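Morning, everyone. Please look at the model on the screen while I talk.

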Amino acid sequence: MANSWRISALAERHRALGSLLEDWSGMGTAWTYASDLADEHEAIRTRAGLMDVSGLKKVHYVGPHAESLLDYATSRDIAKVYPGKSVYATFLNEAGKLIDDCVIYRTGPNAFMVVHGSGSGYESLLRSAQGRQVAVLFDDDLHDLSLQGPLAVDFLAEHVPGIRELPYFHHIQTRLFERPVMISRTGYTGERGYEIFCKAADAPFIWDSILDKGKALGIIPCAFTALDWLRVESYLLFFPYDNSEMYPFADQPAGDTLWELGLDFTMSPGKKDFRGAGEHYRLAGKERFKIFGVLLEGDKAAAGGDTLWADGRQVGVITCAMYSRLSGRSMAIARLEVPYAEQGVKLEVKGSLALNAIAHSLPFDDPQKTKRTAKG
């Protein structure tokens with residue numbers, strides 16, 4: 001944790017569960033516990049699991065110019081985001097390449113909260129704010145507890161009136177165990193789930209209460225690495241771990257387009273005036289690779305960095321992989337040359353494993369997204 005400068009109020013809880021608190025975005029984060037990751041993955045897919053994702057950076061963006069500045073800095077039409085609504089968005093640079101992704105929450109007429117990871121979203125927001133009527137507040141007191149899985153709503157319904165009616169990508173200001181919280185119907189698992197934003201002082205009590213009162217439903221603490229397993233199945237990218245910042249081009253600088261990453265859906269239809277717009281649209285149809293799935297033979301997981309081969313040469317690289325004992329499948333997210341990013345194309349894996357595989361469309365799990373968007 002040599003680089004950590006942000007303090008988690010749950011650090012002692014994580015240590016007690018066996019975590020060494022590895023650094024992520026400046027905060028000591030529980031990458032693993034002493035428990036089996038397969039059990040944590042199963043809990044979230046079949047019951048519910050509780051994770052501390054407070055390492056995500058929370059930025060309040062408030063003032064008369066906040067809406068127009070966010071609209072220029074990100075890919076979404078911010079005018080369509082009303083109080084109580086949130087949206088997944090991306091940041092681009094002038095070259096039209098992804099520099100971060102985020103969730104934008106509108107908390108009032110001129111008030112937003114932007115939650116992002118390890119990219120340069122914060123710097124982009126600061127740059128946009130210079131000389132404008134907007135305040136930018138980095139909020140490291142606010143903690144984010146993520147309760148994910150099919151039984152998450154059943155648990156919360158016992159304590160939060162109206163939670164069943166909260167739609168996907170909406171949020172409410174309420175109380176949980178008599179503590180003030182904002183609960184958002186968002187997550188990073190592909191399951192129906194909720195993020196609970198609370199004060200640092202309240203985080204340990206809320207964490208303990210969920211695990212204690214949720215024991216009968218099988219709710220258990222889950223470490224950060226469980227998200228890797230879930231995101232492979234659900235096609236959820238993690239900047240920069242799926243990007244050229246991690247897997248560089250041989251002859252080009254780092255930077256990937258939304259078209260290459262499959263994130264062009266984050267661009268609001270018809271939107272033209274945003275940072276990087278000209279290059280973004282110019283690069284459409286000029287993809288150098290595609291993010292695609294890989295289904296491997298056998299019951300072992302590949303490793304990030306394992307290479308993919310076809311026609312006697314390397315045609316891709318695996319960025320994240322997992323084996324699911326629930327489905328009995330070994331799966332991966334990969335960066336594949338465009339001609340090979342087609343369902344059923346035969347591939348060879350080389351590196352930590354040497355075996356056959358096929359290219360497979362994403363997501364592997366719940367392609368219609370019926371679980372995360374379920375009503376009632």
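How much area do domain 1 and domain 2 bury between them? About 1500 Å², with 61% of it on carbon and sulfur atoms. Buried area is the accessible area (1.4 Å probe) that two parts lose on being put together, summed over both.

A word on the source. This is a predicted model, where local features need pLDDT of at least 70 and side-chain atom pairs count only at pLDDT 80 or more, while totals for chains, interfaces and linings use all residues. Residues are numbered from 1 along each chain as its sequence is written, and side-chain values use heavy atoms, without hydrogens and water.

Now the domains. Domain 1 covers 10–57 + 141–233, and domain 2 covers 234–360. These bounds come from an automatic or database domain assignment. The domain centres, taken over C-alpha atoms, are 28 Å apart. In contact (heavy atoms within 4.5 Å) are 18 residues of domain 1 and 17 residues of domain 2.

Next, charges. Three salt bridges cross this interface. A salt bridge here puts a side-chain nitrogen of Lys or Arg within 4 Å of a carboxyl oxygen of Asp or Glu. Glu42 and Arg325 meet in a salt bridge through their side chains, at 2.9 Å, N to O.

Last stop, Thr186. Is Thr186 buried or exposed? Buried: its relative accessible area is 3%. The cut-offs are under 20% for buried, over 50% for exposed, and partly exposed in between (1.4 Å probe, protein chains only). Leaving aside neighbours within four places in sequence, Thr186 has contacts including Ser86, Gln148 and Phe169.
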